[in-house]
Amino acid sequence: MPLLEAVDVHGGYGGMNILNGVNMTIEADEIGVIVGPNGAGKSTMLKAVFGLLTITQGEIRLRGEAITNLSPHKLVEMGMGFVPQEKNIFPSLSVEENLEMGAFLKPATASRLKAQIYEFFPPLLEKRRQPAGELSGGQRQMVAMGRALMNEPSLLLLDEPTAGLSPRYMNEIFDRVKTINAAGVGVLMVEQNAKQALRIAHKGFVLAAGQNRFSDTGEALLNDPQVAKSFLGG
Amino acid sequence: MNELIYFFNYVVVAGSVTGCIYAIGAVGVTLIYSILRFAHFAHADMMTLGTLAVLLLTLAFPHAGDPLGLPTAIVMLPVAMALTSLVAVGIDRAFYQPLRSHGVKPIVMVIASLGVTLMLQGLIRLFAGTGSQNLYVDARKEIFRIDVPGVTRPIILTEPQIILFVITIVAVVGLHLFLTRARLGKAMRAMSDNPDLARASGINTRLIITLTWIIAGSLATIAGTLLSLDVAFKPDLSFFLLLPIFAAAIVGGVGHPYGAIAGGFLVGFAETLAVFNWSVLLRPVRDSLPTWLELPNNLALVGTEYKIVVPFFILVAVLIWRPTGIFKGKVI
């Protein structure tokens with residue numbers, strides 16, 4: 001049974017549909033990457049999965065269970081983690097407190113998981129008492145991902161995790177995503193750095209005007225001349 | 001030396017008393033703002049409501065404090081805090097929650113809180129009348145005179161003042177520990193930082209809102225009661241503190257509990273210093289002054305009856321020159 005299935009999803013904000021029939025399937029051990037031009041509805045699709053906007057038609061299923069229009073709170077309980085593109089940390093809370101908030105629903109496991117996150121993102125360990133808002137962009141992204149991982153999600157949603165990061169940090173974040181996935185977490189992420197992202201993707205979804213234009217394995221999309229020409233800048 | 005004792009009694013003690021009350025009031029205002037994002041104008045009358053609960057309980061059990069050697073009002077304080085918290089949560093469910101779920105602008109919430117304040121004022125007068133009543137129902141306020149060697153004038157502290165200092169310290173330390181150590185306290189700060197992310201982390205924001213009202217209601221009861229113990233219960237006593245309390249919250253930086261405490265003491269001491277008669281301190285040097293310079297009897301910056309202009313001035317000055325306050329808070 002697939003981890004995440006989206007079937008013909010329509011939806012948007014305040015009656016205006018942005019998604020006009022999106023389909024995607026991700027298995028439990030896969031990384032799915034959504035790419036596409038600006039305004040294609042990439043982030044909107046991610047938010048639709050996380051219950052942040054109203055789905056007017058279609059269905060989303062998590063491990064076969066319908067989760068269409070469930071509240072984010074409920075979805076977190078069901079094992080979904082979401083890292084927004086912006087405002088994805090608690091700036092005045094310390095790094096450690098940011099992580100603790102990620103485990104809000106499972107306080108008993110917090111200290112064990114915190115140790116794991118510090119092992120996984122070593123720069124956070126020495127900054128753990130510092131307010132997260134004082135960290136650099138790349139470290140903030142680590143805090144944001146760490147926070148979401150504290151809930152031990154089975155599906156991690158990442159909205160442009162490398163936006164605004166230097167190439168060094170970009171590669172580091174992609175490496176981390178691969179490691180997270182290797183540890184058994186399904187990942188669905190939206191990326192602007194389409195080529196690099198598709199390289200680590202098992203599945204790629206090229207969205208345009210709120211619909212799937214191409215859906216295939218990451219490798220196949222990278223090698224597809226049509227995708228390369230229209231969406232990956234040649 | 002007498003003059004210094006006078007200064008201590010009328011500035012240090014009086015300023016601390018006012019500062020404590022403003023601080024506790026401002027912390028409540030700032031907490032509500034940081035979680036619910038609106039200026040809660042009904043906070044002062046919530047203070048009065050809490051004090052009314054204390055008054056009614058004290059009238060019902062006038063001797064409950066005797067075995068402990070404490071004023072009955074203090075023994076009744078925890079009960080009144082619980083009752084007021086309950087009312088505060090009820091007010092939120094009945095008036096603010098429906099508006100929130102409609103996604104109204106903050107100004108609508110502010111106007112709603114003005115409505116709540118008018119309603120509370122009516123209810124309070126219905127139960128307590130319009131006159132003033134002593135919270136020491138069946139007892140006497142103890143006054144401590146501490147003699148300083150070599151000085152004729154004693155340091156004067158009253159029992160309610162000492163209780164006020166102790167309870168303020170306990171409340172502030174308790175709140176600090178809650179916000180920095182407790183899981184729900186941290187979640188409260190998280191929600192103040194970033195409500196959307198708090199929701200995405202699985203934090204139950206409704207629970208945090210309820211908790212905020214419980215803390216705000218309790219702190220309001222403490223502030224109102226401590227003030228009325230020092231003065232007396234009057235239905236409009238706390239209402240006149242609305243301006244200084246908001247001034248304190250804004251000076252400290254809205255959304256910062258520690259800023260609100262600092263702001264409370266700043267406004268409290270500014271007020272006290274402004275109405276203090278500086279002529280008293282100059283009396284010892286009166287004889288050495290040149291004859292053409294006659295020391296006036298009153299050298300206060302403003303008359304006591306114009307005390308309210310001090311917080312008003314501070315408020316205007318802060319809003320013009322540093323709208324985020326000392327600790328860089330949010331702009332209301």
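Domain bounds, as used here, come from an automatic or database domain assignment. The structure is a predicted model, in which local features need pLDDT of at least 70 and side-chain atom pairs count only at pLDDT 80 or more, while totals for chains, interfaces and linings use all residues. Residues are numbered from 1 along each chain as its sequence is written, and chains are lettered from A and ligands numbered from 1 in the order in which they are written.

For chain A, the assignment gives domain 1 (1–79 + 155–234) and domain 2 (85–152), and the C-alpha centres of these two domains of chain A are 23 Å apart. To their contact (C-beta atoms, placed from the backbone, within 7 Å), domain 1 of chain A contributes 15 residues and domain 2 of chain A contributes 9 residues. On the domain 1 side, at least two residues each are supplied by helix H2 (72–77), strand E7 (155–159) and helix H7 (167–182) of chain A, where helices (H or I, at least four residues) and strands (E, at least two) are DSSP runs numbered from the N terminus. The largest share of that side, 5 residues, comes from H7(A).

Chain B contains 12 helices and 2 strands, which follow one another from the N terminus in the order α-α-α-α-β-β-α-α-α-α-α-α-α-α. The radius of gyration of chain B, taken over C-alpha atoms, is 21 Å, close to the 20 Å given for 332 residues by the globule rule (2.2 Å times the number of residues to the power 0.38), so chain B is as compact as a globular protein of that length. Along the principal axes, the C-alpha atoms of chain B fill a box of roughly 75 × 50 × 40 Å.

Technical notes:
Two residues are in contact if their C-beta atoms, placed from the backbone, lie within 7 Å.
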